[in-house]
Amino acid sequence: MAAPACPRPALLSGPLPEIRTTLASHWARLGLRSRRLRFLGTPDESFFPRFAARLEPLFVIGIRIDGKVRGVCEAHMLPSNHAEIAISIEDAWQGQGYGRQLFEAGLEKAAEAGVETVDLFFSEENRSIAHLALSLGAEMRTSYGECEAYIRLQDRRADLS
């Protein structure tokens with residue numbers, strides 16, 4: 001019997017309401033610490049559908065395990081060809097390289113979409129994402145316990161052509 005395929009990031013497609021429902025369900029499965037790291041707070045389950053209903057993501061990339069999206073990279077367009085990326089992995093699936101896979105896939109997709117720079121905002125407590133962002137060439141700023149990682153994508157776009 002062949003070993004199960006290793007899950008890979010894939011663009012979530014379908015109608016926007018379906019993608020929003022998938023995001024809300026994924027976020028509701030995050031533990032308290034993971035919620036705090038993703039949202040810089042600990043929202044309860046009632047928050048997620050309301051928050052998702054307002055989103056107009058540029059794209060959402062997910063990692064599907066056991067039929068459910070267990071990790072996501074969301075990109076949200078900002079002015080001037082700039083985007084914000086957010087990454088979350090359900091607790092049981094953390095530490096297995098899925099965050100890196102999602103982050104790299106998100107940067108590649110953003111570069112393909114013509115995004116020039118991306119930001120990530122996160123708590124200083126989130127050392128995993130800080131390490132990952134730095135390893136992918138981010139400039140980092142920290143202020144009052146919150147961090148911003150800033151990545152220029154022009155080099156990535158050149159690599160794609």
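The side chains of serine 88 and histidine 26 make a polar contact of 2.7 Å. A polar contact here is a pair of N or O atoms within 3.5 Å; within protein, one must be able to donate a hydrogen and the other to accept it, and residues adjacent in sequence count only if both atoms are side-chain atoms. This is a predicted model, where local features need pLDDT of at least 70 and side-chain atom pairs count only at pLDDT 80 or more, while totals for chains, interfaces and linings use all residues. Residues are numbered from 1 along each chain as its sequence is written, and side-chain values use heavy atoms, with hydrogens and water left out.

- Serine 88 sits in strand S4; helices (H or I, at least four residues) and strands (E, at least two) are DSSP runs, numbered from the N terminus.
- At a relative accessible area of 4%, serine 88 is buried. Buried means under 20% relative accessible area, exposed means over 50%, and partly exposed is in between, using a 1.4 Å probe and protein chains only.
- Setting aside neighbours within four places in sequence, serine 88 is in contact with His26, Trp27, Leu30, Arg38, Arg70, Gly71, Val72 and Leu102, where contact means heavy atoms within 4.5 Å.
- Over in strand S3 (residues 68-78) you'll find glutamate 74, which is buried with a relative accessible area of 0%.
- The side chain of glutamate 74 has a polar contact of 3.0 Å with that of arginine 38 and one of 3.5 Å with that of tryptophan 27.
- Beyond neighbours within four places in sequence, the contacts of glutamate 74 include Leu23, Leu55, Phe59, Glu84, Ile85 and Ala86.

**Helix H2**

- H2 covers residues 32-39, and Ser34, Arg35, Leu37, Arg38 and Phe39 are buried in it.
- The cover over those buried residues includes helix H1 (16-28), helix H3 (47-53), S3, strand S4 (82-89) and strand S5 (117-123).
- After H2 comes leucine 40, with a positive phi near 55°.

**The largest pocket**

- The largest pocket holds about 680 Å³ of space. A pocket is found on a 1 Å grid over the protein atoms alone, as an open set of points where a 1.4 Å probe fits, with protein on both sides within 12 Å along at least five of seven lines; lining residues have an atom within 4 Å of a point. Points are joined across faces, edges and corners, and the volume is the space filled by probe spheres set on them.
- There are 33 lining residues, and Ile87, Ile89, Asn126, Ser128 and Ile129 are the closest to the pocket's centre.
- H2, S3, S4, helix H4 (98-112), S5 and helix H5 (127-135) each give two or more residues to that lining.
- S4 gives the most to the lining, at six residues.
- By type, the lining has 16 nonpolar, eleven polar and six charged residues. Ala, Val, Leu, Ile, Met, Phe, Trp, Tyr, Cys and Pro count as nonpolar, Asp, Glu, Lys and Arg as charged, and the others, Gly among them, as polar.

**Aromatic pairs**

- Eight aromatic pairs turn up across the whole structure. Rings of Phe, Tyr and Trp (its six-membered ring) pair if their centres lie within 6.5 Å; planes under 30 degrees apart count as stacked, over 60 as edge-to-face and the rest as tilted.
- Phenylalanine 39 and phenylalanine 48 form a tilted pair, because their ring planes are at 45°, with centres 5.5 Å apart. Both phenylalanine 39 and phenylalanine 48 are buried.
- Phenylalanine 47 and phenylalanine 51 are stacked, because their planes are at 20°, with ring centres 5.1 Å apart. Both are in helix H3, four residues apart, which is about one turn of the helix.
- Phenylalanine 47 is partly exposed at 22% relative accessible area, while phenylalanine 51 counts as buried at 17%.
- Ring pairs tie Trp27, Phe39, Phe47, Phe48 and Phe51 into a cluster.

**Loop residues**

- In the loop between H2 and H3 sits serine 46, partly exposed with a relative accessible area of 41%.
- Most residues other than glycine have a negative phi.
- Aspartate 66 has a positive phi near 55°; this residue lies in the loop between strand S2 (59-65) and S3 and is exposed, at 65% relative accessible area.
- Serine 80, which isn't a glycine either, has a positive phi of about 60°; serine 80 is in the loop between S3 and S4 and is exposed at 67%.
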